[in-house]
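Good morning, and thank you for making time for this presentation.

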Amino acid sequence: MQKTIERIAGDSEGVAYEFPVVRFEGADKAASTAYLQAALHAGELPGVVAIDALMPMLAKAEAEGRIKGAITIVPWANPIGRAQYHFGEHQGRFNLATRTNFNRAFPLLAAPDAKLLPDVSLGGADRRLKNRLVELSLGNDIVLDLHCDDEGLAYLYVHTSLWPHMSDCAAAMGADAVVLWSEDSSGSFEGASIMPYQHVPASVARFDRRVVTTVEYRGMLDVDGSLAASDAAGLYRLLVTRGVIQDASVPKVSSFTGAVVPLENIDMMPSPKAGAILYDVKPGDRVAKGDRLATIVHAPGETGGRTEVFAPQSGFILTRRSRRIIRAGEDLLKLAGDKRSDDARSGTLED
């Protein structure tokens, strides 16, 4: 295992950002290689503690000569967001300097060639960070971006070109659901990791062995030792399944039995009023069209001071908010519907 420190120049004199990169060298040049990063949204920690639990497993495999493909790990992928606090509250999702989501505006390359990365020497620290993360991940067969939602199931975002090839990965990781997407014009890290392979020869794209996914490890508060150990076991099982690690003690995974939902079927359910949320449903619940999902208490104790929100179609609850205060127009939850949503926003990546 080799650890290095990456340094990203800040936007003023005397300011710089650092993050660690851990590498395990593979013994077989023909084996699949893997890149894992966590906390691109710097306050999302389930992936961080999963990597912490995974490291001893990788160290043991390395000591026993069982790592076949090179593995690169970035446990804290966003030192800029990690340092952002506003009035004592951590702000790790958006860059306070540019108001840009840290998981947007990654360079979308036409081919997997680092020479195509844009010149960001004067482009801002966040752009330099994004360039470097793409550069570190480029060329790996497996690219995992570990996130979490507010409150939710464990689910994966997967590009349609990789499904059902990635069914074994979803099963290995123990995901509850898979959300399939096809277009990304906003430049998410996942988009930057899959787009370079869309218009290159099949021998380069290698979609039969390529794994690219945003992993949503449940909710923001799901940070504990038992979940970390379970998630680490899933990551390890995926690496064994795809031949990065050799381990005969890990049984072959069965086919994925969870829900597979097109992104166009996701209803985001905006709140009609500002107020306090009383949920009737939790992640994983199955609902029918017309079922009550939540009540918004916007004028406490007054006649007409409560507004109910009902399911526009049948499906299951994928996620919901962790905070119970909401503004009008903010999203209450993600409903994974049985059919295409009527909401014009459906089909837009929201990670």
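Before the sheet itself, one term is needed: two strands count as paired if DSSP finds at least two bridges between them. Please also keep in mind that this is a predicted model.

With that definition in hand, consider an open sheet of four strands, which run in the order β17-β16-β14-β19 with antiparallel pairing. At its edges stand β17, residues 306-310, and β19, residues 325-326; each has a single partner strand, so one side of each is left without a neighbour in the sheet.

Let me move to the annotated part of the chain. An unreviewed UniProt entry places the feature "domain: Succinylglutamate desuccinylase/Aspartoacylase catalytic" at residues 32-192. In the model, that span is 29% helix and 21% strand, and its end C-alpha atoms lie 19 Å apart.

Leu144 has its place in strand β7. Is Leu144 buried or exposed? The cut-off for burial is under 20% relative accessible area, and Leu144, at 1%, therefore counts as buried. Between the C-alpha atoms of Leu144 and Phe189 there is a separation of 9.8 Å, while the two residues are 45 apart along the chain.

Cys148 has a relative accessible area of 4% and is buried. Cys169, at 1% relative accessibility, also counts as buried. How many disulfides does the model contain? With a disulfide taken as a pair of cysteine sulfur atoms within 2.5 Å, the count comes to zero.

Next, the backbone. Which residues are joined by a cis peptide bond here? The bond in question links Trp163 and Pro164, with omega at about 15°. Pro164 is found in the loop between β9, residues 154-159, and α4, residues 167-173.

The positive phi values take us to another loop. Arg99 is not a glycine, and yet its phi is positive, at about 65°. Ala105, again a residue other than glycine, has a positive phi near 65°. Arg99 is found in the loop between β6 and α3, the latter being residues 125-137, and Ala105 is found in the loop between β6 and α3 too. As for solvent accessibility, Arg99 is exposed, with a relative accessible area of 76%, whereas Ala105 is partly exposed, at 48%.

The largest pocket holds about 1300 Å³ of space. Its lining consists of 40 residues, and those nearest the centre are Arg93, Asp150, Met220, Ser322 and Arg323. Which strands supply at least two residues each to this lining? They are β6 (89-90), β7 (142-149), β18 (315-320) and β20 (333-337). The largest share, three residues, comes from β7, the strand in which we placed Leu144. By class, the lining of the largest pocket divides into 17 charged, 13 nonpolar and ten polar residues.

The second largest pocket holds about 190 Å³. It is lined by 15 residues, of which Met268, Arg345, Thr348, Leu349 and Glu350 lie nearest its centre. The lining of the second largest pocket has eight nonpolar, four charged and three polar residues.

How many cavities of 30 Å³ or more does the structure hold? There is one, and the volume of this largest cavity is about 40 Å³. Its lining is made up of Ser137, Leu138, Gly139, Asn140, Val143, Ser193, Tyr197 and Arg210. Sorted by class, the cavity lining has four polar, three nonpolar and one charged residues.

That concludes the presentation. I would be glad to take questions.

Definitions and conventions. Residues are numbered from 1 along each chain as its sequence is written. This is a predicted model: local features need pLDDT of at least 70, side-chain atom pairs count only at pLDDT 80 or more; totals for chains, interfaces and linings use all residues. Side-chain values use heavy atoms; hydrogens and water are left out. On a 1 Å grid over the protein atoms alone, a cavity is a set of points where a 1.4 Å probe fits but cannot get out, and a pocket is an open set with protein on both sides within 12 Å along at least five of seven lines; lining residues have an atom within 4 Å of a point. Grid points are joined across faces, edges and corners, and a volume is the space filled by probe spheres set on the points. Ala, Val, Leu, Ile, Met, Phe, Trp, Tyr, Cys and Pro count as nonpolar, Asp, Glu, Lys and Arg as charged, and the others, Gly among them, as polar. UniProt positions are given in the numbering used here, feature names are shortened, and annotations may be inferred rather than shown by experiment. Buried means under 20% relative accessible area, exposed over 50%, partly exposed in between (1.4 Å probe, protein chains only).
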